[in-house]
Each structure stands twice: as C-alpha cells, then as structure tokens.
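Here are some notes to read alongside the structure.

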Amino acid sequence: YLLCCLSKKKFLHCFSLPKKKDMGRLSFRSVTFMFIVAFFVWSSLNVEVCNARRGKHWRQHGTTSSVSLYKKKGKSHGSNNHHKSGGKPKPKYASPPPSTPISPPSKGYDNVPSTNIFDVTNFGAIGDGKTDDTKAFQAAWAAACKVEDSTMIVPSKYIFLVGPISFSGPYCQHNIVFQLDGTIIAPTDAKSWGSGIMQWLEFTKLVGITVKGSGVIDGRGSVWWQDTPYDDPLDDELKLIIPLNKTLLRHPPTPLNSSLGGKMPSIKPTALRFYGSFNVTVTGVTIQNSQQCHLKFDNCIGVLVNNFTVSSPGDSPNTDGIHLQNSKDALIRSSNIACGDDCVSIQTGCTNVYVHNINCGPGHGISIGSLGKDNTKACVSNITVKDVIMQNTMNGVRIKTWQGGSGSVQGVFFSNIQMNEVQLPIVIDQFYCDKSKCKNQTAAVALSDINYAGIKGTYTVKPVHLACSDSMPCQDVTMMNIQLKPIQERYHMYDPFCWQTFGELYTPTQPPIECLQVGKPTSNKIQADHDQC
C-alpha cells in the first residue's frame, strides 16, 4: 500500500504487495530496501515534473531546439494567453540570449561621450572640395570650445575647403581634441587671402590642445611658389655650392596667376600654427604643399610632435617643415619631413628641445637660426638632435646667425646623424645673409658648448664649414666619431673649413679636421650685460 501511494499509479506493476503467506518470509532488511528504492523513484519523478514546468528541462536539449520552440511560442496571440485545450497553461519559456555585437574598429574617440563629440558635418560642412566649409568649422569649434575634453571631428572620406580660420581661446575649456581624418584644402583664389595673411589654420591661447588623426592638410601651395617675388629670401649656404658647369642653382621665378585669376599676395601663410598654448600635441597627420612654413609653434610650452609627415617638393621656396620660436620643453620625434627649406628650424627663445628619430629630405637639414637679424637679441639653449637620417639635403646640422646680433646659443648636442649625399653636413655660419648683400658688423651671437658625435655618411660639396665671428669666436666646440666620405656629383668639392673656431677633437676624424683650434681663444670680446641671455 505504501508503494502504491508513493508511486500513485505508475509503479503498481513494478512493486506489488506480497501475499499473506509470504509476509512472514520477508525480513525487516528486505522491506527497508524496497522502501528506499521506491522513495528514490518517486523523488526522481517529481523533480522531472517540476523542472519541466519551469522550462529547465527544455533548455537542456540544446540551442537548436530552444530557437525552434521560441519561434513556435511567438505564433500565439500573446505571451499572456493560454491554450484552452488541456485546461492548463503551456510552459512559459525564457527568450534565448541575444548574440554579442561585434564592435567596429576604434576611431580614437570611441570612449568620448556623445555629448562631447562635434562633427563638422553636423554643423553644415559639405566636404565636396568645392563648397566653402569655413563657417561650419567655425560653428563646430564654437560648440566644442565650451566643453572640456571635447572632440571636434573632421571625418574621413571628405574633402573640406576651408579659408583662413582661427580656433581661438583663451576662454575655451581644456583638453580639446581636433580629430582630423579627412582632408582640408586651402583656397587658391587670391580673393580669399586679401592683402596677405600670416597663417591659414591657427590655434591660439589653448591648454591641452591635440591635433591628431590620419588626415591631410593640403595648402595647395604651387600657386604661391611660382608667384615668389624676386627678392624672396635665399638660403645663404647656396654661395658655398658651386656647380661644375657654373650654371645657376635657382632660376628666376615665373609668375603664375591663381586658378581664379589675380596674383597671390606676397605674404605667404603658414599652414598650421599654434600660438601662446600649453601642452600642444600633433600626431598622425600629414601637411603637404604648404604655402610657406608647414607647422609652427610660437610662444608655446610643452610641445609634442609624433608620427607626423611633411610632404612638399624640394624646390618649393621657404617651406620649412617644423618651426619653433619662443617655445620650450618640446619633443619632436618619429616623423618624416620632405620640404624646400629646413626640416626643423629652431629660432630664438627656444630651450629644452629634443629632436629624435627624424627622416629629413629633401630639404635644408635641421637648423638653429637664423638668429640676431636686424641687431636683435637671440637666446637658445639645451638643444638635442639625435638619431636623424639626412637624405639628399643641402645642409645637415647647422647653426646660422647674423652679424650685429647679440645673445647666445649654448648646450647643443648633435649625435648619431646619418648623412646620405648631403652637400654640407656640418655648418656653423655666423655671417648669414639671405640677401644679395649685408652690412659688416662686429657684434655677434655668442656660440659655446656645441657638440658633434657620431656624424657619419657621405657629402657632395664640403664636409665641415665652421665660420665663426672675429669678435665673438665659437668656444667649446667638440667633435667625436666624425666619418664623412666624399661623393663626386656635379659640384666643386672642398676640404673642411674653420674660422675662429675653438674646441677639441676627441677622436680622429675622416676627413681630418685640422682647422679646429684646440683650447680657448686668447682674446674674446665680453658681451655687455644687456646682450647676455
């Protein structure tokens, strides 16, 4: 009876009560064993029924059947309706878990809140390369300027025609990112530039400004280059380069009107300029065919340029790659610069500048100066240029100052520089003049603690040219591991030249630099206090 109650109706055929005559034969152990077996069978039955009601038993059958059953459930008239037949509701099953979406590749601003993103196309920019998008850029910047850690996006696959524009502070919030993935092009009609503008794209008086991305800034400068005036500044080192056939190195420019008529202004703009800003970063972007200088930092503190590209023809006039002035604590590294003037130009007011891992060429090398023009005072200190490759450049590493200037250049280190067919690998020129004729003057910028180490490769004109001031000779010029071999090309070649240059050779050099005078000058003009840095 007990077994019948436990199993209710399903197990009567498995366990039947013994007859009276057999009851006496059953031991207590046998009855206990049957009771335990019957209990476990009954428990198993109830667990199966309970699990089936909860839907767990269905989910154990695999993913395929779960999707099938879920679709059948969806054909009913509603999730709360019950089938009338059977009198009991069908089991209510849980929905299968949704698949995890695949995230798109990161664009550099995926972690930025949507309220902090300002896409120029949402402010009216067309990006067809023909419509003037300047006002849309101004509107997008005005909105981004109000939000800290904001990102202004110039999206890829668009070409934006933008005229002269200033992205200005000082009341903007900090840490704004200018995400450049598309292309920005400059207008080529003279009307857009008026009588002349010093810069095309400018960021001023900002804190924590970053320009980054995979995009391009194209100055379309050819209409400016060929409109170059006859008195445009020339690189003074051209006087040292004499072709074998005595032909001119630079032909007079041929005037060229702009695409929409009219001559371009004589004042050429810098493509991208940062002024009066702190913690400035430029990374990933390319500037090409600038009207004049490509990238300029003026009165900035904390500058980082990384993975940056400059691309302009070697004969494009005065198109410096990176120009630093009155700026300090700058790191320029891992960049490729091809231009028509200095790859990197370090001007007055610069200190703590580190230039590292740069490919330079074509161009005029890496220069400190020119300094002291028009009797001005120049102060430059703590400059390191290291791990650089120069390819077919006019100069390698150079310091250039004007007669009549004052101030000083000190603490300069040029090391591990590879020169490949460079015309003038090592240059100090304290008689710099970018005109046809300059006035002779006795005052000069003082040069000291200038160090060259590991300068190797080939030259095509003169390996070393050290022309220092008569009244202010160069002091503490050191050289170590200088190995420069000549390659005869189409120029007259010369031996190393030194004038009023004092210092020390720490190792033998190739070729021998016997003109460097050991020690210090016997007489040296002392700068007045107001001339010192």
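**Notes on the model**

1. Asp-320 sits in the loop between strand E16 (309-311) and strand E17 (322-325). Strands (E, at least two residues) and helices (H or I, at least four) are DSSP runs, numbered from the N terminus.

2. Who are the neighbours of Asp-320? Leaving aside residues up to four places away in sequence, Asp-320 touches Gln-292, Cys-293, His-294, Cys-339, Asp-341, Asp-342 and Ser-345 (a contact means heavy atoms within 4.5 Å). His-294 is 26 residues from Asp-320 along the chain, yet their C-alpha atoms are separated by 6.1 Å.

3. A word on the source: this is a predicted model, where local features need pLDDT of at least 70 and side-chain atom pairs count only at pLDDT 80 or more, while totals for chains, interfaces and linings use all residues. Residues are numbered from 1 along each chain as its sequence is written, and side-chain values use heavy atoms, with hydrogens and water left out.

4. Please keep the confidence in mind (pLDDT is the predictor's confidence in each residue, from 0 to 100). The protein chain averages a pLDDT of 83, and 74% of the residues score at least 70. Residues 1-26 stay under 50, and the model has 15 contacts beyond four places in sequence for them. Residues 45-106 are also below 50, with 26 contacts beyond near neighbours in sequence.

5. For the overall picture, the protein chain has seven helices and 31 strands. Of its 533 residues, 45% count as buried. Among contacts with a separation of 6 or more, 78% are between residues 24 or more positions apart. The chain exposes about 27500 Å², with carbon and sulfur atoms supplying 55% of it (areas come from the Shrake-Rupley method with a 1.4 Å probe; for residues, only the protein chains shown count as cover).

6. How many salt bridges does the structure hold? There are ten, a salt bridge being a side-chain nitrogen of Lys or Arg within 4 Å of a carboxyl oxygen of Asp or Glu. Side chains of opposite charge can pair when their charged atoms come close. One of these pairs is Glu-202 with Arg-273, at 2.6 Å from N to O. Glu-202 lies in strand E8 (residues 199-204) and Arg-273 in strand E11 (residues 270-275), so the pair ties together parts that are 71 residues apart in sequence. Both Glu-202 and Arg-273 are buried.

7. Asp-342, a contact of Asp-320, is worth a look too. Asp-342 forms a salt bridge with Lys-400, their closest N and O atoms being 3.3 Å apart. Asp-342 lies in the loop between E18 and E19 and Lys-400 in strand E23, so the two tie together parts 58 residues apart in sequence. Asp-342 counts as buried because its relative accessibility is 1%, and Lys-400 is buried with a relative accessible area of 5%. Asp-342 also forms a salt bridge with Arg-398, at 3.0 Å between the closest N and O atoms. These residues belong to a network of salt bridges that links Asp-235, Glu-237, Lys-239, Asp-342, Arg-398, Lys-400 and Asp-429.

Note on methods:
Buried < 20%, exposed > 50% of the residue type's maximum accessible area, 1.4 Å probe, protein only.
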